[in-house]
Amino acid sequence: MALLQITEPGQAVDPHQRKRAAGLDLGTTNSLIASVREGVAETLPDEQGRHMLPSVVRYASGGIIVGDEALTEAVNDSMNTIVSVKRLMGRGIEDLATLGDQLPYRFSASEGGMPRIETISGSVTPVEVSAEILRTLVDRASATLDGDLDGVVITVPAYFDDAQRQATKDAAQLAGVNVLRLLNEPTAAAIAYGLDSGSEGVIAIYDLGGGTFDISLLRLRKGVFEVLATGGDSALGGDDFDRAIAGWIVEQSGYAKPLATEQLRGLLMASRAIKESLTDNAKVDIDFDRDGVQFKGALDRATFDELVAPLVDASIKACRRAVRDAGVELGDIHNVVLVGGSTRVPQVIDQVANYFGKTPLNNMDPDKVVAVGAAVQANILVGNKPDDEMLLLDVLPLSLGLETVGGLAEKVISRNTAIPTERAQEFTTYKDGQAAMLIHVLQGERELVADCRSLARFELTGIPPMVAGAAKIEVMFNVDADGLLSVSARETSTGTQASVEVKPSYGLTDEEITSMLQASFEHATEDANQRSLMEARVESGRVIEALGNALAEDGAALLMESDIQALQQAIEKLGSLSEGEDHLAISEGTELLGRASEEFASLRMDAAVRKALAGRNIEEVDKEI
Amino acid sequence: MDFNRNYFEIFGLPVDYAVAEELLADRFLELQKQVHPDRFAAGTDQEKRLAMQWATLVNTANETLRAPLPRAIYMLELRGVALKHNPALPPSFLMDQIDLREQLEEIEEDEGDLEELDSFRKKMLLAINVVQAKFKEALDEDIDKAERLVYELQFLSKLMVSASRLEEKLLDY
């Protein structure tokens, strides 16, 4: 006799219908993948039982190596071994100097200003390096879960700007994974702790990773996580703690010459081990003798605390700023969550507890918590828990604006605005007969263009001849739920649609991505055609299923019998088309079915809106006021 | 679908400058729960696009109605009044504004007396409340006056922003 099965309401999906979804934490130092299996979200280990994949990619003459095997060669083959590539994502070649790192790589610029790293097997972009890490993890998950993934959630620091987010999404596209959502790391952590089912209130997430620091304040209300404010420092992390120790050792040793790359790497690795040891020990003996730097002695916790005090203080200052931005009082914050390996440092825990006035939550593994939260969210988004009410409402991390006269940045959408959102700004011409206008899109809080991040420049052409000031040029900013921006512009006074070309400053163009994909197919054993066919089938299957579910749910209530039949016939038609081998025909059929269902989609959305306000009318509302 | 409904109607609220803030916040969350793109992550492209449009509209509507100044501007807009870029304002009002600016500068020069800044902000909040009350009244009786009051509200809001910036500077945020 079978035992009584107990399932949560949202999990009652038939096992063979369950989708494979995963959460990916693409970290500066380490990356992880997690998935919900039998109701439990957990990180997935590789064949040797290792959960964390060092975010290291080595381009060797024999091929590409990712992870631990690449890391061991990082010192000996530093030129061809890319570490901490996350720091380069979405950055331009001219940004590299400001990253504060002594990067050992040989860089060259690609056409779009994106840095390319010269390796023994040719030059690669940071996006391609990240795609290798993603691919390794996705392959691991496919093997563990016994099939291709239907969708993934990838986490990014809340502080990531548009270019960095776009680069992350490009990497996923290169790796051939379906991104359900880019999720902010702190939000993922809050989900992992199950705070979404906890009491309502404000939650602070303090996330100190290897290379970045994020502070986020979230409010949980009615099952909705609202990001109230985010802040942080994209160049502050545990690596800086290592550097502080390394600097101290060099100072103690009396070594006066500038350090070579290999020397620094060795020193940093030793410093890191010392830092980790100081978490459980009050004092660590050091016997360092390498590459001419010699030091024998000890580092105690108090000295270490002093060394890192300015770094921890900087993080607390960012916390104060975020609390203020969120418009909440310290007393309103009822949970503080620690995320990131660097929050193991006792001084960090003490200072955070001291500032917020409460003991922070740190009972989950701070290295895994983000991936676990991402897996929970991926499981919901992919459709495995249709009854789950949890929703995340995100905000724009950094203001978006345009360059105006005199090198000044004018804000169009200010930071911490809820997304998705759109905003139009009107400009005019300053010369008679001016036919074109340069539009420079910026991100950042500073007033000068030079201090902001340049996201894109494009030219609006075809403005009809008019006197100066007569043209009305409307620039429209659209930010989607992932925080990704698209910009368009048109001349409104004459109704002339002027042409627009957006060139991402540091991103990849669609053509570049396509050609990279093609290049990777040439290396792969898989035939490109076969892959296109597979992708077309996956997509058509997705649409058939989504529409089928929608019809079962709302068809009878919203459509006439004849419309339902027509849609069902269209579904069947696409189904049989998908059994064929022509991927173009399948894609076309999918597109047609989508369009045929447009009216139905619109009716469903209206019904959903009515449902949200159900049972309410204006008189009733009047009484409540 | 009708994207041209006014922002109050979207939340099922009466078109009134006095908004029930709690109710607006609740309705906002209820609506987002239904229309947010995450609800359609596994849906068709059409659903995703619609969800994106709806979620954007709901966000914009919420931001417009939530804060007093954008709400006031929107009330004028509903009555077909667009704000001017360089409105003519009574000299006495402008003199008052210059006075207030100077007060703020003095606080900054005095090495930043936080108590003084605090009482300045309280004074500003009071002034904003008075202008808001006048605006609500003028809206149905004297639209020109209502428009002028919005310009006053704009000035006062900018002063509040400056006062907050100064506070941040003094507290070293």
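This is a predicted model: local features need pLDDT of at least 70, side-chain atom pairs count only at pLDDT 80 or more; totals for chains, interfaces and linings use all residues.
Residues are numbered from 1 along each chain as its sequence is written, chains are lettered from A and ligands numbered from 1 in the order in which they are written, and side-chain values use heavy atoms, with hydrogens and water left out.

## Interface of chain A and chain B

The contact (heavy atoms within 4.5 Å) involves 53 residues of chain A and 51 residues of chain B. About 4700 Å² is buried between the two chains, and carbon and sulfur atoms give 57% of this area. Buried area here is the accessible area (1.4 Å probe) that two parts lose on being put together, summed over both. On the side of chain A, the residues losing the most area to chain B are A:Lys222, A:Arg324 and A:Met605, which together account for 15% of what that side buries.

A:Arg324 also takes part in a salt bridge with B:Glu167, with the closest N and O atoms 3.0 Å apart. A salt bridge is defined as a side-chain nitrogen of Lys or Arg within 4 Å of a carboxyl oxygen of Asp or Glu.

Between chain A and chain B, 14 residue pairs are in polar contact, both residues being at pLDDT 80 or more. A polar contact is a pair of N or O atoms within 3.5 Å; within protein, one must be able to donate a hydrogen and the other to accept it, and residues adjacent in sequence count only if both atoms are side-chain atoms. Helix 14 (residues 598-612) of chain A gives the most to the side of chain A that touches chain B, with 10 residues. Helices (H or I, at least four residues) and strands (E, at least two) are DSSP runs, numbered from the N terminus.

## Sheets and a hairpin of chain A

Strands pair if DSSP finds at least two bridges between them.

| Strand pair (chain A) | Bridges |
|---|---|
| Strand 22 and strand 25 (residues 473-479) | 7 bridges |
| Strand 5 (residues 56-60) and strand 6 | 4 bridges |
| Strand 16 (residues 283-290) and strand 17 (residues 293-300) | 8 bridges |

One open antiparallel sheet of chain A has 3 strands in the order 22-25-26. Its edge strands are strand 22 (421-427) and strand 26 (485-491), each pairing on one side only. A:Glu422 has A:Asn478 in strand 25 as its bridge partner. Helix 3 (residues 45-66) of chain B lies across strand 22 and strand 25 of chain A, at about 70° to strand 22. Axes are lines fitted to C-alpha atoms, for helices over the stretch in contact, and angles run from 0 to 180 degrees between N-to-C directions.

Another open sheet of chain A, also of 3 strands with antiparallel pairing, has the order 6-5-7. Within it, A:Ala60 has A:Gly63 in strand 6 as its bridge partner. Helix 2 (residues 126-145) of chain A lies across strand 5, strand 6 and strand 7, at about 110° to strand 5.

Strand 16 and strand 17 of chain A form a hairpin with 2 residues between them, and A:Asp291 in the turn has a positive phi of about 45°. In this pairing, A:Phe288 stands opposite A:Phe295 in strand 17.

## A salt bridge within chain A

A:Asp394 and A:Arg181 form a salt bridge, at 3.8 Å from N to O. The two residues are 213 residues apart and link distant parts of the chain: A:Asp394 lies in the loop between strand 19 (391-393) and strand 20 (400-404), and A:Arg181 in strand 12 (residues 179-184).
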